[in-house]
Number of protein chains: 2
Amino acid sequence: MNFVERKTIRKYKQEDIPAEKLEALLFQASRAATMGNMQLYSVVVTRSEEMKEKLSPLHFGQPMVKGAPVVLTFCADFNRFTKWCEQRNADAGYDNYLSLFNAVSDTLLYVQAFCTLAEEAGYGTCYLGTTLYNPQGIIDLLQLPRLTFPVATITLGVPDENPKQPDRLPHLAYIHEETYHDYTPNQLDIIYFFKEQLEENRKFVEINKKENLAQVFTDCRYTRKDNEAMSAGLLEALKHQGFM
Amino acid sequence: MNFVERKTIRKYKQEDIPAEKLEALLFQASRAATMGNMQLYSVVVTRSEEMKEKLSPLHFGQPMVKGAPVVLTFCADFNRFTKWCEQRNADAGYDNYLSLFNAVSDTLLYVQAFCTLAEEAGYGTCYLGTTLYNPQGIIDLLQLPRLTFPVATITLGVPDENPKQPDRLPHLAYIHEETYHDYTPNQLDIIYFFKEQLEENRKFVEINKKENLAQVFTDCRYTRKDNEAMSAGLLEALKHQGFM
């Protein structure tokens with residue numbers, strides 16, 4: 001696959017993914033960089049209808065959860081390493097914030113390596129950002145122990161759609177030479193021009209009766225109120241899992 | 001490149017990376033999944049000797065920083081999006097913890113997509129975990145504004161070494177079916193057996209006068225004391241950047 005052509009796939013054929021195929025992809029992905037070669041992640045594989053039914057509301061009913069043959073919940077994991085240390089009479093000091101970030105980093109590098117390999121093998125993936133919206137629900141359902149944390153969910157299957165590729169910002173939007181160069185109003189206008197004039201985005205503005213696209217994001221999609229409520233839940237869950 | 005053969009490269013030829021080549025790779029990588037298509041990241045490109053000199057101690061003098069033609073600091077970035085919202089009279093509520101995690105997720109997916117593409121193009125990469133050890137120093141040096149945060153540093157260049165590939169855990173170590181299955185002592189022995197009996201790891205145990213490999217990790221490499229001190233610094237820096 002040419003990565004420049006990649007896109008998210010949300011509709012999958014009713015076709016299973018053989019366990020050995022999935023395991024091979026998950027193993028290959030483990031070649032991604034990892035902190036001190038500790039591999040601070042785990043992945044919970046959901047195939048059963050029963051578990052998909054229970055996961056679905058935790059992801060706000062997004063149809064990919066029930067529609068995909070496989071749902072993968074990638075977790076930051078300092079439990080395995082800590083248990084090994086304890087078994088070897090070693091003082092494992094990984095119940096803290098830096099260790100959380102190290103494990104989150106390992107996990108997300110692993111997730112992207114997996115997605116790239118899975119897409120190269122002909123599968124479609126969808127990244128569910130909702131994993132962080134209600135982590136405690138996912139922790140309870142998947143029985144995630146102390147020092148683990150759900151970081152990302154991927155739905156996976158053989159593509160049954162061929163959607164249009166979404167836009168991306170021009171690369172000068174996010175590349176800075178030597179130091180960060182903050183944005184002038186004129187630069188912001190240029191960076192977001194293409195996105196703002198897209199037909200589908202103009203429609204969102206109209207339907208939601210907003211002045212512009214930015215307000216669709218702040219007032220409808222990702223509101224301050226929701227973000228603050230979910231931030232509190234996220235912090236609570238991190239404490240519950242022993243990372244703070 | 002076959003991903004299963006990938007490995008970290010720490011020594012690079014004295015050979016520059018053309019700006020247009022680097023920009024093309026950075027742009028291609030932007031096809032990775034991103035939260036609501038917001039692309040919550042920026043990358044600061046370090047090429048000057050002067051900046052490498054200043055970055056080097058912040059990464060504890062690891063020789064890759066001064067030895068690589070290009071050093072890339074990938075930052076979670078809600079500054080650009082927030083500034084755009086403010087310019088459009090939209091109430092941007094992204095100075096919170098959930099938003100930080102969303103931006104960190106975007107950034108790390110982008111990092112791994114970039115590394116895979118760069119390696120496919122024949123470059124070698126090294127992921128510096130030290131970015132999180134002293135974030136405030138990096139923030140100051142790279143002039144990172146509020147609502148940005150350095151998440152990962154990659155050194156990049158044409159490989160000038162061909163090291164042995166390190167070990168990885170057997171995949172059954174981190175794959176769980178339907179729910180997380182915690183590890184029995186016997187499983188831990190099996191999972192870590194290969195790592196523990198490796199010649200180089202036995203030597204680390206001997207040199208450091210420890211009982212076993214786990215103690216090398218907990219007492220020498222990643223100690224409780226260091227982790228706790230650096231956790232405090234990380235939290236301070238996150239507050240400073242407006243995310244808590």
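This is a predicted model: local features need pLDDT of at least 70, side-chain atom pairs count only at pLDDT 80 or more; totals for chains, interfaces and linings use all residues.
I started with A:Gln215, which sits in helix 9 (residues 213-221) of chain A; helices here are DSSP runs of H or I with at least four residues, strands are runs of E with at least two, both numbered from the N terminus. Residues are numbered from 1 along each chain as its sequence is written, and chains are lettered from A in the order in which they are written.

Buried or exposed? I get partly exposed for A:Gln215, because it has 19 C-beta neighbours inside 10 Å (buried takes 20 or more other C-beta atoms within 10 Å, exposed 12 or fewer, partly exposed is in between, with C-beta atoms placed from the backbone).

Leaving out residues up to four places away in sequence, I found A:Gln215 touching A:Lys210, B:Arg88 and B:Ala90; contact means C-beta atoms, placed from the backbone, within 7 Å.

Next I looked at the two chains. I can superpose chain B on chain A with a rotation of 180° and 0.0 Å of shift along its axis, RMSD 0.0 Å (least squares on C-alpha atoms of residues with pLDDT of at least 70 in both copies). The copies are therefore related as by a two-fold rotation axis. Both use the same surface, as 100% of the contact residues of chain B recur in chain A.

For the interface, I noted 93 residues of chain B in contact with 93 of chain A. Helix 5 (residues 97-120) of chain B gives the largest share of chain B's side, 14 residues.

Definitions and conventions. Two residues are in contact if their C-beta atoms, placed from the backbone, lie within 7 Å.
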